[in-house]
Amino acid sequence: MVLSGIWRKNENSKEPLPENISVSHDKAVPPQAVQELCASVGWSRREPELIVRALQNSLAVVSIWVKGTDFKPDELIGFARATGDKVFNATVWDMVVRPDYQRAGIGRLVMCELLKELDEYQIPLVTLYADPGTDGFYKRFGFLADPSGVRGMFRERIDY
Ligand SMILES: CC(C)(COP(=O)(O)OP(=O)(O)OC[C@H]1O[C@@H](n2cnc3c(N)ncnc32)[C@H](O)[C@@H]1OP(=O)(O)O)[C@@H](O)C(=O)NCCC(=O)NCCS
């Protein structure tokens, strides 16, 4: 754990980031780093070429990095992206923090940075799909489950 204790980044905080942590809004995140981060929380591995295309086609991408050393490359510890039309809607996808860094404020940092970028477009509706046990996290950023009885519906194809 490189962060010293619990580091809390609040939306309106002027608190500086720890020196070894950096935030990027670049869509060109190495796909192997995304693949490996997702695997660290048990998600299935996606093809690197498809990850590259998905990131390029995303509206916003946020990645959080721990600075490496001469012997260790920079490490991706937090990530999320959003798709959208830049006018009416955006949807958050792939919100993930490396297990060793969870509950230390990295997820909050990712969400604040992503929502800040979406706010630049003044998009009125941001949606997401909360995995079981994560809705308490998203509620901290103003997300509501089933507002006015609206329910998410899914049509999945496994043959693509
Ligand atoms: C969910 C996840 C992104 C949260 O990231 P994190 O870095 O641990 O979150 P933070 O430390 O920034 O927590 C921010 C706040 O949310 C709370 N929180 C974090 N995870 C939570 C959870 N699962 N349920 C309820 N509250 C949660 C924290 O206590 C903190 O609250 P506070 O501001 O009142 O102190 C992370 O646990 C994760 O990657 N999980 C595995 C992948 C996953 O399920 N992603 C979501 C897919 S929909």
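Q: What pattern does the protein follow, read along the sequence?
A: Along the sequence the pattern is β-α-α-β-β-β-α-β-α, with four helices and five strands. Helices (H or I, at least four residues) and strands (E, at least two) are DSSP runs, numbered from the N terminus.

Q: Anything to know about the model and its numbering?
A: This is a predicted model, where local features need pLDDT of at least 70, side-chain atom pairs count only at pLDDT 80 or more, and totals for chains, interfaces and linings use all residues. Residues are numbered from 1 along each chain as its sequence is written.

Q: Ok, H3: which of its residues are buried?
A: Ile106, Gly107, Arg108, Leu109, Val110, Met111, Glu113, Leu114 and Leu115. Buried means that 20 or more other C-beta atoms, placed from the backbone, lie within 10 Å of the residue's own; 12 or fewer is exposed, and in between is partly exposed.

Q: And what covers them?
A: The cover includes strands S1 (21–24), S2 (60–66), S3 (75–84) and S4 (89–97), plus helix H4 (135–139). Contact here means C-beta atoms, placed from the backbone, within 7 Å.

Q: Switching to the ligand: which residues come nearest?
A: Of the 18 residues around the ligand, Gln102, Gly107, Arg108, Gly136 and Phe137 come nearest. A residue is near if its C-beta atom, placed from the backbone, lies within 6 Å.

Q: Which elements give two or more residues to that shell?
A: S4, H3 and H4 do.

Q: Last one, how much of the whole protein is buried?
A: Of its 160 residues, 23% count as buried.

Key
Contact = placed C-beta atoms within 7 Å.
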